[in-house]
Amino acid sequence: MALLLAMYQKMRLIREKNQVSLDLTKYSSKLDRVQKNIEKVNKRYTSLFADLERQAKTVETNAKSWLQDQVG
């Protein structure tokens, strides 16, 4: 009887270990996906800010040229 109880407890512990391993894998996978998503969003906004800066410089240059043409 003690052998059966020991086998039952061993199997229960193995099931719990497998469940914890599965949960860990799920959370690790989700963490990786979220990190990649954050990196993509950061890259996108960095690109958008760079485009905005470039457009601002172009407008500034065009405004200076226009003012210089108007003055003289």
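Let's start on helix α1, where Arg54 and Asp51 sit 3 residues apart, about one turn of the helix. Helices here are DSSP runs of H or I with at least four residues, numbered from the N terminus. Keep in mind that you're looking at a predicted model, in which local features need pLDDT of at least 70, side-chain atom pairs count only at pLDDT 80 or more, and totals for chains, interfaces and linings use all residues. Residues are numbered from 1 along each chain as its sequence is written, and side-chain values use heavy atoms, leaving out hydrogens and water.

What links Arg54 to Asp51? They form a salt bridge, and their closest N and O atoms are 2.1 Å apart. The term means that a side-chain nitrogen of Lys or Arg lies within 4 Å of a carboxyl oxygen of Asp or Glu. Side chains of opposite charge can pair when their charged atoms come close. Asp51 counts as partly exposed because its relative accessibility is 30%; buried would be under 20% relative accessible area, exposed over 50%, and partly exposed is in between (1.4 Å probe, protein chains only).

How many salt bridges does the structure hold? There are 3. One of them joins the side chains of Glu16 and Arg12, at 3.0 Å from N to O. Glu16 and Arg12 are 4 residues apart in helix α1, so about one helical turn separates them. With 40% relative accessibility, Glu16 is partly exposed, and Arg12 is partly exposed too, at 30%.

Now move along to Glu60, which forms a salt bridge with Lys64, their closest N and O atoms being 3.7 Å apart. Glu60 and Lys64 are both in helix α1, 4 residues apart, or about one turn. Glu60 has a relative accessible area of 45%, so it's partly exposed.

Leu52 belongs to helix α1, which covers residues 2-71, and Leu52 counts as exposed because its relative accessibility is 51%.

Finally, look at Tyr45 again: Arg44 lies over its face, 5.6 Å from the ring centre. That label requires NZ of Lys or CZ of Arg within 6 Å of the ring centre and within 35 degrees of the ring normal.

Note on methods: Helices (H or I, at least four residues) and strands (E, at least two) are DSSP runs, numbered from the N terminus.
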